[in-house]
Amino acid sequence: MAATGAAQAIESCVAALKKQAIAAGVRPDVAERMLAGAVFDEKVIRFSTSQPEHKTEIWDYMAFLVDVQRIEDGKKYLKQNRRTLTAIEKRYGVDRHVVLAVWGIESDFGNYRGDFYTPHALANLACAGKRRQKYFRGELMKTLQIASRGDVPAKDFVGSWAGAFGQTQFMPSTYNSLAVDYDGDGRKDLVNSVPDALASTANFLKNAGWRDSRPWGFEVKVPKGYSGPSGRKKYTSLSTWNKRGLTRIGGGALSGKLEAALIRPAGANGPAFLVTRNFRALRSYNASTSYGLAIALLSELVAGREPFKTPWPTDNPGLSRAQRLDLQKLLNRNGFDVGKPDGKVGPATRAGIRKAEAKHGMPVTGRPSWNVYYALGGR
C-alpha cells in the first residue's frame, strides 16, 4: 500500500481496532485515550523492514552499544542496585551482571526508553505494516489490556517501533507471560519500577534456558587453517573442542563435559567464541548474535573482567555514541547539514556522511566510521 493510501486508510482501521479492544474488555476511556491521534507514521513502517543488528557490521554495532560511557554507567548502576540485583540473582539463578547488561543495552539503564508511543506504533503496524499484521494487532490489544488493568499508566507506553516498552523493553505478550511484581506493590510495572524490570528480565532469561551452573561462553583461539564444525547450534563438549585444537584465548586447554558451540561472527580473521546454551538464552531476547555478544561483553566489563582480545577485522572501526554525536557536529561545521546533533544516525546523517565521503575521495557508504570522522577533524 502506498504511503498516501495508508495514511488515508489508517483512520478507519484505528476506529475498528478501538471497537475490537472495547469488545475484548478494554475500558472505553483507555482505548479512546491510547488510540486518539494515531496517524500514519512512515518511520515506523520503514523501521519494520530495517533492523540495525541484522544490517550493521558487528564492529559498528558493538562500538556504540558497548562504549566507555555505558561501561562506566553500568558500574555505577551495579553499585546503586547491588542489593536488588544480588537478591534477583539468588532467586532466579541468572548472573546479576547479565541482567544489568540487558538493562543497559535496552534502555541505557532506564534513561532512554525509545522514540515511539507504542500503541500508535502498533496501530501503524497492524493497519499499514507490510508483514505480521495479525501479530501486531494482538500486541496492540494486549497493550491496551495492560493499561486497562492499571499495571502501567497509559501515558507510559513509550518504547520501540515494534511495541516493546519498559526499562528492559518487553513486548506486551512477553509481559503477560513473564513480567513479575518483584517490589510487591500489586502491579507489574516495568516502566517505573526498577526491581520489577530487572526481576522480569531475570525471569525471562531463566525461562529461556539460562542456568547459573555455566557461563555464557568465552573467547577462544582457533588453530590456523581450522576447517572443522562451527555454528551456534553445533554443541559438543569442551574436551572435544580441545581435541580439535581450540584453546582459551589467554592460554590453557579446554576440558570437561560442558557443551558449547563455536561462533566466528566476523569470519575466520575475527574473534572466535565458544558459547553455551546460556548464550542462546541471551540471543532469545533479540534474535541476533551481535546483540547477544553485546550483552555478554558489557556484562564482562561491568563485572571488572577482561574485554575481548582479538580485534575485529577492519582498519576502519565504528564510533562510540559520543563520537557519533561529535561526527554530526563536524558534518554541520563542514557544510554537510544533518540537522540538530543527537547522536542518532538516521537518513539525514547518512546522507551527510555520503557527501563528506565523496568530497574526501572515500568509498561512498553513509557509514559512521572512523575514517570519515577523522577526515572531518575528529580525534
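Predicted model: local features only at pLDDT ≥ 70, side-chain atom pairs only at ≥ 80, totals over all residues.
1. **Helix α14, burial.** Helix α14 spans residues 277-285. Its buried residues are N278, F279, A281, L282, R283 and Y285. R283 is on that list, so check its side chain against the cut-off used here, under 20% relative accessible area.

2. **Helix α14, surroundings.** Three are helices: α8 (96-107), α12 (194-207) and α15 (289-302). The others are the strands β6 (259-263) and β7 (272-275).

3. **Helix α14, N-terminal end.** T276 caps this end of the helix. One of its side-chain oxygens lies 3.0 Å from the backbone nitrogen of N278. N278 is also among the buried residues of α14.

4. **α6 against α15, geometry.** α15, one of the packing partners of α14, also meets helix α6 (residues 68-80). The two axes come within 9 Å and cross at roughly 60 degrees. α6 is therefore oblique to α15. The crossing is right-handed.

5. **α6 against α15, residues.** On the α6 side, the contact is made by R70, I71, G74, K75 and L78. On the α15 side, L298, L301 and V302 take part. By class, the contact residues divide into five nonpolar, one polar and two charged. As for spacing along a helix, residues three or four places apart point the same way, because an α-helix has 3.6 residues a turn.

6. **N371.** This residue lies in helix α18 (residues 370-375). Leaving aside neighbours within four places in sequence, N371 is in contact with D315, N316 and M362. F40 is 331 residues from N371 in sequence. In space, N371 and F40 are 38 Å apart, C-alpha to C-alpha.

7. **F109, positive phi.** F109 sits in the loop between α8 and β1 (116-117). Its phi is near 60 degrees, a positive value in a residue other than glycine. F109 is buried, because its relative accessible area is 3%, under the 20% cut-off.

8. **Q169, positive phi.** The loop between β2 (158-159) and α11 (172-178) holds Q169. Phi of Q169 is near 55 degrees, again positive in a residue other than glycine. Relative accessibility is 12%, so Q169 counts as buried.

How values were computed. Residues numbered from 1 in each chain as written. Heavy atoms only, no water. Buried < 20%, exposed > 50% of the residue type's maximum accessible area, 1.4 Å probe, protein only. Helix = DSSP H or I, 4+ residues; strand = E, 2+ residues; numbered from the N terminus. Contact = heavy atoms within 4.5 Å. Polar contact = N/O pair within 3.5 Å; in protein donor to acceptor, adjacent residues only side chain to side chain. Axes fitted to C-alpha atoms, helices over the stretch in contact; angles between N-to-C directions. Parallel < 35°, antiparallel > 145°, perpendicular 65-115°, else oblique. Left-handed = near helix turned anticlockwise from the far one by under 90°. Nonpolar A, V, L, I, M, F, W, Y, C, P; charged D, E, K, R; others polar.
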